[in-house]
Amino acid sequence: ALAWHSQQPGWMQNMSGSALRQAMLNHVTQVATHYRGKIYAWDVVNEAFADGGSGARRDSNLQRTGNDWIEAAFRAARAADPGAKLCYNDYNTDNWSHAKTQAVYTMVRDFKERGVPIDCVGFQAHFNSGNPVPSNYHTTLQNFADLGVDVQITELDIEGSGSSQAEQYRGVVQACMAVSRCTGITVWGVRDTDSWRATGTPLLFDGNGNKKAA
């Protein structure tokens, strides 16, 4: 990820305004230039939309530099590494009827209409009992793909166990397979014990590395 509100060094957390904007663009340019031609895809901007039902941008120091900061980051990334795919990545954007999903969709549609370089959208796909795989998941992936971008499932994990968990994994994979522009599925960890939410046993292998039903 090139630009993300959550993982910034102290010096960046203390910046604002035009100085922060310039530092962000310099970071995007320098990192993408350093690895130019070696990277398949950049997560150019990560998690820029707010949680909940507002559909608004997340209030971050980057957002406060101006609403065009995401566009600026994508343009800088394209200039620095023209051959890499440029992606926007977020979570809780799986349900087509949710405001956050619609807000990201509106941004991507606007970018495509105005020629802002964006090649793919990442769906983190962190599911649990309170946020199960939605019945319209295929619709979400297809509608984004229809904008002319690839879609990728980037951080897949599904809390649960047994056949119920396995069926949810099957549903996610089938949704991706049914969308021709769904170009990747990344599972967010290998063994349950390695997971960021290990108590929910959300992965494909148990703590001993044995295959689960999923």
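Predicted model: local features only at pLDDT ≥ 70, side-chain atom pairs only at ≥ 80, totals over all residues.
Residues are numbered from 1 along each chain as its sequence is written, and side-chain values use heavy atoms, with hydrogens and water left out.

A search of the whole structure identified eight aromatic pairs. Rings of Phe, Tyr and Trp (its six-membered ring) pair if their centres lie within 6.5 Å; planes under 30 degrees apart count as stacked, over 60 as edge-to-face and the rest as tilted. Trp-96 and Phe-144 have ring centres 6.4 Å apart and planes at 85°, so this pair is edge-to-face. The pair links distant parts of the chain, 48 residues apart: Trp-96 lies in the loop between strand E3 (85-90) and helix H4 (99-114), and Phe-144 in helix H5 (residues 137-145). Helices (H or I, at least four residues) and strands (E, at least two) are DSSP runs, numbered from the N terminus. Phe-144 is buried, with 0% relative accessibility; buried means under 20% relative accessible area, exposed over 50%, and partly exposed in between (1.4 Å probe, protein chains only).

Phe-127 and Tyr-137 also form an edge-to-face pair, with 5.9 Å from centre to centre and 90° between the planes. Phe-127 belongs to strand E5 (residues 126-127) and Tyr-137 to helix H5, 10 residues apart. Phe-127 is buried at 0% relative accessibility, and Tyr-137 is buried at 2%. One aromatic cluster is formed by Trp-96, Tyr-105, Phe-123 and Phe-144.

Strand E6 (residues 150-158) is mostly covered, nine of its nine residues being buried. Two strands pair if DSSP finds at least two bridges between them. Strand E4 (residues 120-123) pairs with E6 in the parallel sense over four bridges, and the bridge partner of Cys-120 in E6 is Asp-150. Strands E5 and E6 also run parallel and are joined by two bridges; here His-126 stands opposite Asp-157 in E6.

Ile-185 is located in strand E7 (residues 182-187) and is partly exposed, with a relative accessible area of 34%.
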